[in-house]
Amino acid sequence: MSEEGTHNAPPAPEANPEEINASCRGPVLFLFFSAALWAVQATGVGLLGSLKMHVPGFLADFSHLTYGRLQANSWVAFLYGFAGNAGLGLTLWMLSRLRGMPLARPGFVLAGAFLWNAGATAAMVGITMGDQPGVAGYELPAYASRLLLIGQAFIAFSAIITYFSRRHQQLYPSSWFLIAGLVAFPWIVGTAHWLLVETPVRGAAQIPVAHWAVTSLQQIWLGCMGLAAILYFIPKITGRQLYSRQWAAFGFWMLLILGGWVNLNSGSPLPVWSIKLSQYASGLFIFVLIAIGWNLRQTAKGVPLLGSNDLTLQCMGFALGAWLITALFTFGNVYSDWNSLLQFTYAGTAVRQFFAWGFFAMAMFGAVYYVAPRLFIGEVDWACSGTYKWIFRLTAIGAVVILLAGLGMSYLHGHALQAGSAEVLKKALMPMRIAFLGEILFFMSSLIFLGSMACLLFRNCCGEYSPMALIRKCRAAKAEGGAE
Amino acid sequence: MEEKHSNLNLQEHGEPAAGNSQMPVSIMVVLTLLGYIGCYKVDELNANFAANVHAPFGSPAEVASLAPSEAELIFGKGKQIYANCQGCHQPNGGGTPGQIPPLVNSSWVKGDPKLAAAIVLNGLQGAIVVNGTSYNGAMTAVGAAWSDEEIAAVLTYIRQSWGNGEELVTAEQVAEARTMIKDSGHQGTWNKDSLDAAGFATPE
Amino acid sequence: MNKSPWIFLGVLFALSLSWWGMVFGPASQANAAKADLGDGTSLHPRSGLAQQGEQIYRENGCYYCHTRMATGGTFGYEIQITQLGADKALTREIIGEEYAGNKIFEKAYAFQAVAAAQDAATAEGADVEATKATLEQAKAFANSIETEDSLIALGISGVTIEGDLAGELGLPIEMSDADKSTVADATFAVSKGIEQWDEIKDRVRALKDRAGAQFKLLPVADDWPDVVYWGARRQSVTRDFLHDVHAMPGVMRVGPDLSNVGGRQLDLNALYAKIYNSQAGGKSSHMPPYKYLFNVRSAKEGEELPTNAVTVSTGDGFKQSVEPDFVVTPTYKSRALAAYLQSLRNDRGLPEAPLPAVRKTSNPEEGE
């Protein structure tokens with residue numbers, strides 16, 4: 001098929017992987033390291049907020065640290081800080097590798113990355129000062145979304161130049177997802193920025209806009225970046241072919257079409273038709289689930305993903321499972337009884353956290369584990385690859401705890417809400433209290449992630465004077481001393 | 001994939017490629033069918049995409065059947081307008097003993113609505129007898145600037161409240177009263193005699 | 001798929017589908033919603049202070065724990081007979097022995113019989129002896145049915161019994177206003193719990209067309225938790241958010257739903273005390289205190305609390321400061337927040353969302 005599109009110009013020669021890795025080094029590592037910092041920030045702030053569910057009086061005298069503000073801060077730090085940085089970094093690297101061309105215009109990426117992080121920081125400061133648009137899931141003040149949009153445009157510019165730098169090659173499905181992620185972000189955030197913050201539409205009209213923006217950010221933006229990683233790394237590491245391009249295309253287009261429609265709660269104060277339409281879209285989401293699930297199952301047939309001794313493959317396996325489970329919950333919203341039971345409980349947040357950490361963060365952790373060391377030339381390695389395994393373990397346990405506890409307890413909460421039970425408050429708090437455990441695990445894995453990134457950077461940037469090398473020297477010296 | 005746990009294997013496979021396996025036709029048929037059933041359901045449940053149908057209602061007709069009737073709307077509107085009257089006639093329609101006649105069970109109110117409409121339009125002064133009590137006050141032409149619909153609404157409210165239990169008043173009846181006033185050539189505030197002369201039969 | 005630019009166009013097109021459906025469509029519909037209610041009244045924007053309060057609500061992220069949207073439930077109906085028809089046997093057959101066995105039902109028909117006998121006795125050219133005997137018999141029968149609700153029975157019988165005859169039947173000879181309204185408003189429920197339209201439609205038709213009874217159908221909140229338990233008066237609809245600068249329907253109910261908080265919580269001081277410290281006065285709550293929204297200063301020796309001080313009542317009816325030994329007064333921010341909360345109410349029906357009745361049913365089902 002690719003031959004049909006042949007132009008007069010001869011195809012550019014494919015660059016070798018080392019060259020591509022070298023071209024990505026600065027910008028991508030900057031993005032990855034920022035992501036690690038933000039992950040700690042997101043989980044740390046989230047923990048502070050959740051503590052209030054145990055001790056209501058905790059930090060109650062500080063207007064900047066209300067539960068609402070901490071909660072908003074935590075999600076913004078995750079979404080734009082961690083997910084944005086890691087996802088964009090991975091997008092650049094994967095697009096370069098898939099195109100076989102070095103990253104074009106790395107200067108733009110660095111500039112964009114600075115702007116992007118400035119935007120995320122501005123959002124954090126703004127929310128702390130009380131400047132948020134009042135939408136749970138889209139908490140960006142106007143100035144922050146402007147910075148993020150400009151920063152993303154710079155990065156996307158580089159990505160797109162790289163993408164078009166060599167045309168005569170069949171596109172691997174991951175690159176569709178990556179391109180979609182690059183296009184979807186300005187579309188979604190631009191719409192929300194314009195209609196909710198910059199020139200807000202009438203109050204009644206904000207509800208559907210906000211729902212669309214929040215759902216699309218999660219399902220389409222995060223979904224595309226995460227699935228791109230999974231679709232890339234599972235075949236890459238197992239050394240197999242992706243089972244079917246056609247299945248992938250089907251899943252891809254259905255995800256883009258349905259991603260913004262799904263998950264509207266049946267109790268939303270909106271006309272019946274939009275709720276029914278959303279239910280229909282949630283029902284059709286089973287197509288996406290089948291397409292992605294079947295394709296990867298056929299690809300990885302006979303390979304125990306979770307039991308593999310390759311950490312990246314383990315992470316991707318868990319991320320895939322988590323994505324499938326959240327897709328199943330999306331499909332579950334086709335049953336309005338189920339949805340109306342859980343709509344005001346912690347269940348929605350539990351599934352969102354599971355999606356964020358079990359699927360997206362897990363895919364990113366796996367990808368960074370693979371990519372980051374390769375960005376250095378020569379014999380390099382994670383300084384402490386044994387500890388990196390704990391990122392996987394802690395995140396996985398945390399995600400499962402949040403999902404199970406969140407859902408089980410939310411089920412009871414939902415029943416209490418429907419039966420008018422006097423114990424409704426107690427039941428509302430139970431899932432959040434148990435999910436607190438999961439959040440502690442996320443915090444720990446983020447700390448390890450940050451530590452590992454720092455070790456990697458120090459070791460490779462400072463050579464024999466890096467802290468790790470010094471520690472090793474000390475140890476060696478001690479061992480010698482002990483032997484004497 | 002033989003790597004030691006502490007030493008990353010930097011050897012890697014080439015970039016992945018996608019296979020050409022086709023989606024089975026049977027699955028496509030099933031998916032299409034499912035999609036069609038969904039479309040059918042949406043078509044059935046979309047409530048004509050009406051903006052005013054919210055759960056638990058399912059159709060514009062259902063909403064319309066539970067919405068207040070025309071008569072209730074007129075009554076409600078009249079209640080709002082009565083705010084202009086209750087300063088004198090009181091919220092309970094009882095009037096002020098010796099000064100303002102009551103509206104409750106008053107034959108002036110319960111009789112021909114055209115009489116009441118004429119009084120609201122032009123006001124009334126001089127001696128009258130209501131429910132066996134004489135009054136000698138003055139009512140301004142409160143409704144001079146009101147539309148027929150507004151006068152009909154407030155009269156409907158008065159005639160259906162506090163146990164009065166009369167028929168509602170239509171805008172046409174008010175318009176008739178206007179015509180009768182015009183025909184009679186009368187201008188300014190009424191008194192009992194001029195009302196009788198203009199054809200509005202006042203009760204004794 | 002391998003033609004690079006087409007991916008961009010395809011992605012834009014696919015994204016635009018949900019954009020039209022979920023953003024443009026509903027938003028432009030909501031944008032066209034009118035503030036006019038159609039009954040001469042309209043939905044008004046909030047007052048300036050309450051509008052400021054919306055900002056306080058938003059800044060502090062109150063919408064993370066509180067929703068302000070009530071969901072819809074189902075309407076059920078209760079059949080209430082206001083006047084029985086003339087045919088006792090037919091009515092008995094339609095409503096069933098369960099309700100016909102009720103003493104009120106028997107007594108009402110006994111009153112009808114008395115009234116008929118009375119009419120016959122006073123009619124011209126009546127057989128005095130025979131009618132008198134019938135009347136006595138009817139009276140005796142009526143008196144043999146003992147019920148405390150004889151006024152209700154009289155009301156639903158549709159007949160008028162006055163004077164000495166009333167006295168003989170154990171009814172008040174001179175009715176008080178309360179008695180009169182009992183008679184006028186008398187109803188007799190002939191449905192079990194709350195029933196759906198499909199369950200009752202046959203009975204309703206038979207009562208109306210065949211038995212000639214008069215009745216009303218009472219729409220009641222049936223399977224409707226938000227209305228029955230959580231203080232909302234109806235479902236929230238698009239127009240409830242018409243005048244919001246930032247619509248915050250909320251996501252989770254860690255705290256109570258606030259769609260009708262203004263209708264429930266009219267005591268401003270109680271609202272302040274709740275915001276200041278919801279555990280004050282020993283109440284069980286997990287809402288964090290928002291003390292920084294108030295002015296707090298220590299009380300002077302023997303100082304009486306100023307009138308605007310936030311207080312809680314102690315068990316024995318006295319009021320004390322919400323923070324003992326301190327004087328707590330609301331700041332502009334807390335006054336605005338309270339004004340906003342008080343503006344949140346849905347206890348007024350809209351044409352698209354009428355208020356259902358909320359009350360105990362006349363014949364509760366088992367376990368209700």
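How many salt bridges does the rule find across the interface of chain C and chain A? The rule finds one; point 3 gives the pair.

1. **Basis.** This is a predicted model: local features need pLDDT of at least 70, side-chain atom pairs count only at pLDDT 80 or more, and totals for chains, interfaces and linings use all residues. Residues are numbered from 1 along each chain as its sequence is written, chains are lettered from A and ligands numbered from 1 in the order in which they are written, and side-chain values use heavy atoms, with hydrogens and water left out.

2. **Confidence in chain A.** pLDDT is the predictor's confidence in each residue, from 0 to 100. Chain A has a mean pLDDT of 89. In chain A, 92% of the residues reach 70 or more. Residues 1–8 of chain A stay under 50. For that stretch the model has seven contacts beyond four places in sequence (contact means heavy atoms within 4.5 Å). Where pLDDT is low, the predicted coordinates should not be read in detail.

3. **Chain C against chain A.** Here 63 residues of chain C are in contact with 84 residues of chain A. The two chains bury about 6500 Å² between them. Carbon and sulfur atoms account for 69% of that area. Buried area is the accessible area (1.4 Å probe) that two parts lose on being put together, summed over both. The salt bridge joins Glu59(C) to Arg69(A), with the closest N and O atoms 3.9 Å apart. The rule asks for a side-chain nitrogen of Lys or Arg within 4 Å of a carboxyl oxygen of Asp or Glu.

4. **What chain C brings to chain A.** Polar contacts link 22 residue pairs between chain C and chain A, both residues at pLDDT 80 or more. A polar contact is a pair of N or O atoms within 3.5 Å; within protein, one must be able to donate a hydrogen and the other to accept it, and residues adjacent in sequence count only if both atoms are side-chain atoms. On the side of chain C that touches chain A, helix 1 (4–31) and helix 2 (48–59) of chain C each supply at least two residues. Helix 1 of chain C gives the largest share, 22 residues. By class, that side has 39 nonpolar, 19 polar and five charged residues. Ala, Val, Leu, Ile, Met, Phe, Trp, Tyr, Cys and Pro count as nonpolar, Asp, Glu, Lys and Arg as charged, and the others, Gly among them, as polar.

5. **Chain A against chain B.** This contact takes 39 residues from chain A and 39 residues from chain B. About 3400 Å² is buried between them, 58% of it on carbon and sulfur atoms. The rule finds five salt bridges here. One of them pairs Glu15(B) with Arg97(A) at 3.2 Å, N to O. Between chain A and chain B, 16 residue pairs are in polar contact.

6. **Chain folds.** Chain A has 14 helices and zero strands. Chain C has 14 helices and seven strands. Helices (H or I, at least four residues) and strands (E, at least two) are DSSP runs, numbered from the N terminus.

7. **Chain dimensions.** Chain C has a radius of gyration of 31 Å, well over the 21 Å that the globule rule gives for 368 residues, so chain C is more spread out than a compact globule. The radius is taken over C-alpha atoms, and the rule is 2.2 Å times the number of residues to the power 0.38. The C-alpha atoms of chain C fill a box of roughly 100 × 80 × 40 Å along the principal axes. For chain A, with 484 residues, the radius of gyration is 23 Å, which agrees with a compact globule.
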